[in-house]
Amino acid sequence: MVLDPKREFDRTPEPAAPDYRDARFWAALPEKRDDADATPIGMRNRQADAPVDVFFIHPTTYFSRAGWNQPLDDEQANRGTEFALRAQASAFNEVGRVYAPQYRQMTLNGYLSASDADRDRALDLAYRDVRAAFDAFLSQWSHGRPFIIAAHSQGSGHGLRLVSELMSDLSADPALRKRLVAAYLVGAAVPEDALRRTIPGVPLCATPEQTGCAVFFNAIEADAFEPGERPKRFEQVRAWYPGGFRSVEHPRLLCVNPVTWRADGESSPQSAHLGAIHAERNRPLPEPQPRRVSARCDGDGLLQTTLPDGEWRQWWFGGDQHVNDYQLFYMDIRANAARRAAAMRGATAPAAAKAAAKAAAGRKRGH
């Protein structure tokens, strides 16, 4: 997994393109039975009457060296996508109808390539699918409804670029900006200045009810690194800016605390944490674990996170909790999406969202 794809990008056959009019190229649709329908114990999948739509862009699940971009019939990658829907996209199924395209994602090994040019071309190909899927979503299903854009990791990089294009070219739909509930672009290393330059008019979310804003965070285990140190993947990041990708050395990153939903350096207490979900493949989502996590955006823009005991520390990046970004704050994200959707409609949080938050906070009160 630490080697480049076998060939240069231009010498690698391009996988067949998807046709997003065909449901087979969607990993999740509201009318399909899929992993985005999963719910923790005590929660409900309410997509049938959800007030908003959710366009979800899954993280990297293709690990092959055979090519730069995933053939969409790769079963192993598609199983990984199913798990991402269960562990991440399902957090939105109480308030939103979930649409998640399959796309010709760049292989994980592309991030380790010595060639910026090859990596950028592979990401461009993947993004081409994401944009085509979103255009199909708007034309076939959205019909003027408010929407959330949610993503993780590679998907969040594509999500940043998607929001940038949508907000800068409103000629086809001038009301599109007003329909954006929020963009949850989790697990993407985005420098502080990139949001202002890339998405003028879409600010960093500063309150739990704010709409038309963007959320970013990258969770690491608190005190796992010495002062001034950070995981190696944050020492140099390659981010999307208007006009193309740029490499930035040791940037301060965008960070919103997913418990307080504020972009400041204040630490959230464990008592405010609504619940983590430790998802496992091919198993129902377990009961949420509330009051287990505190979080703080540090001076580098990384989310310093205390972890529940046990299985959460079994992660091979040694302190980098990238794989658990959503799972550690699953119930917080679930409740916040409902809160922002309610604010978009000019109402208080739905009774179902309040009940979910109350139920999560009441469990395991002693932890």
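Asp135 is partly exposed, with a relative accessible area of 34%, where partly exposed covers the range between buried (under 20% relative accessible area) and exposed (over 50%), using a 1.4 Å probe and protein chains only. Its side chain meets that of Arg131 in a salt bridge at 3.0 Å, N to O; the term stands for a side-chain nitrogen of Lys or Arg within 4 Å of a carboxyl oxygen of Asp or Glu. Arg131 also counts as partly exposed, at 24% relative accessibility. Because Asp135 and Arg131 are four residues apart in helix 2, about one helical turn separates them. Salt bridges with shared partners also join Glu14, Arg104, Arg128 and Asp129 into one network.

A word on what you are looking at: this is a predicted model, in which local features need pLDDT of at least 70 and side-chain atom pairs count only at pLDDT 80 or more, while totals for chains, interfaces and linings use all residues. Residues are numbered from 1 along each chain as its sequence is written, and side-chain values use heavy atoms, leaving out hydrogens and water.

Let us stay with the charged pairs for a moment. Side chains of opposite charge can pair when their charged atoms come close. The structure holds 23 salt bridges.

Six strands make up an open sheet with mixed pairing, in the order 1-3-2-4-5-6. Helices (H or I, at least four residues) and strands (E, at least two) are DSSP runs numbered from the N terminus, and two strands pair if DSSP finds at least two bridges between them. Strand 1 (26–28) and strand 6 (213–215) stand at the edges with a single partner strand each, so one side of each has no neighbour in the sheet. Strand 5 (residues 180–186) runs parallel to strand 6, joined by three bridges, and Tyr184 has Val215 in strand 6 as its bridge partner.

Helix 2 (residues 116–142) lies across strand 1, strand 2, strand 3 and strand 4 (147–152), running at about 160° to strand 2. Such angles run from 0 to 180 degrees between N-to-C directions, with axes fitted to C-alpha atoms, for helices over the stretch in contact.

Elsewhere, strand 8 and strand 9 form a hairpin with two residues between them, and Gly243 in the turn has a positive phi of about 100°. Six bridges join these antiparallel strands; Gln236, for one, is partnered by Glu249 in strand 9.

What lies inside? The largest nonpolar core has 51 residues, and Phe92, Ile148, Tyr184 and Phe329 have the most contacts inside it. Such a core is a set of buried Ala, Val, Leu, Ile, Met, Phe, Trp, Tyr and Cys residues joined through side-chain atoms within 4.5 Å. Helix 6 (residues 330–344) gives the largest share of this core, seven residues. A second, separate core of 47 residues includes Ala133, Ala136, Ile220 and Phe234.

Methods: Contact = heavy atoms within 4.5 Å.
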